[in-house]
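Please provide a briefing on the structure shown below. An overview of the chain is wanted, together with an account of one residue and its surroundings.

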Amino acid sequence: MAVESGKVDRITGISSMAMRHVLAELGDAYEEQSGQPVVIVSVGGVDAARRVADGEAFDFVVLAADVIEQLAAGGRVDPGSRTDLARSAVAIAVAAGAMRPDISTESAIRDAVLRARSIGYSTGPSGAHFVRLFERWGIADAIAPRIVQASPGVPVGTLVERGDVELGFQQLSELMHLPGIDVIGLLPPEIQVATVFSAAVCTASNCPAAAEALLSFLASPEADATKRRHGMEPA
């Protein structure tokens, strides 16, 4: 696939950790096909959004769709360039070899949370979902002392692996590659939430046409197998 606007020194991007493995693989594939160098930094979603909002010079950004909308409203990305890339479901992890609780229904998940010594979730979209869920279940106050929220950029699975968290919830794509944990399944459909991750060209970009060409590749059918391999579905 050729870069329509001609090659530039490099296309730079920033993303949340959820898309790290997908973008690393696809960035390499695009560079191999087009000869266009691509450099992508993956950090915690909160930090990535802040850096783009502060005007740091990236050509494109990949974050949850609602965050991309906020950056567009703030004039930091081109709203017309927004491209939905992938959907990511939330999964559950325990330490490798640990007892696996029943997670087949909403009530089973609620019971597992109430029994768990500690519960971990992220600062990202899945974490916000659980805050609302615990409040709806009426257990937020009861479990508050046992909640461990991972710092931005720190995978919840890392907390599970080292024993800080007994039951961890995060995007499947962020859990599935970590050692020392067992991913025991996805949230049941009645409480599942799929986060859409979108890309957009930053207004600070010096090569918006080249960045748009890359985003077209990231959203193309050619990228679908990579997304599925890393626990996501094409958007």
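The following points cover the overall fold, the surface and charge, and the setting of one glutamine.

This is a predicted model. The protein chain contains 10 helices and 11 strands.

**Overall fold**
- Along its principal axes, the C-alpha trace of the protein chain extends over about 60 × 35 × 30 Å.
- Of the 235 residues in the protein chain, 49% are buried.
- When contacts between residues at least 6 apart in sequence are considered, 80% of them join residues at least 24 apart.

**Surface and charge**
- The protein chain carries 19 positive and 29 negative side chains, with the centres of the two sets 4 Å apart.

- Gln 170 belongs to strand β8, which covers residues 167-171.
- Gln 170 counts as buried because its relative accessible area is 2%, and the cut-off for buried is under 20%.
- A polar atom of the Gln 170 side chain lies 2.8 Å from the backbone nitrogen of Val 156.
- The side chains of Gln 170 and Glu 174 are joined by a polar contact of 3.2 Å.
- Leaving aside neighbours within four places in sequence, the residues in contact with Gln 170 include Ala 89, Val 90, Ala 91, Ser 122 and Ser 126.
- Val 154, Pro 155, Val 156, Gly 157 and Leu 175 are also among the contacts of Gln 170 on that basis.

Notes. Residues are numbered from 1 along each chain as its sequence is written. This is a predicted model: local features need pLDDT of at least 70, side-chain atom pairs count only at pLDDT 80 or more; totals for chains, interfaces and linings use all residues. Side-chain values use heavy atoms; hydrogens and water are left out. Helices (H or I, at least four residues) and strands (E, at least two) are DSSP runs, numbered from the N terminus. Buried means under 20% relative accessible area, exposed over 50%, partly exposed in between (1.4 Å probe, protein chains only). Contact means heavy atoms within 4.5 Å. Lys and Arg count as positive and Asp and Glu as negative; His and the chain ends are not counted. The place of a charge is taken as NZ of Lys, CZ of Arg, CG of Asp or CD of Glu. A polar contact is a pair of N or O atoms within 3.5 Å; within protein, one must be able to donate a hydrogen and the other to accept it, and residues adjacent in sequence count only if both atoms are side-chain atoms.
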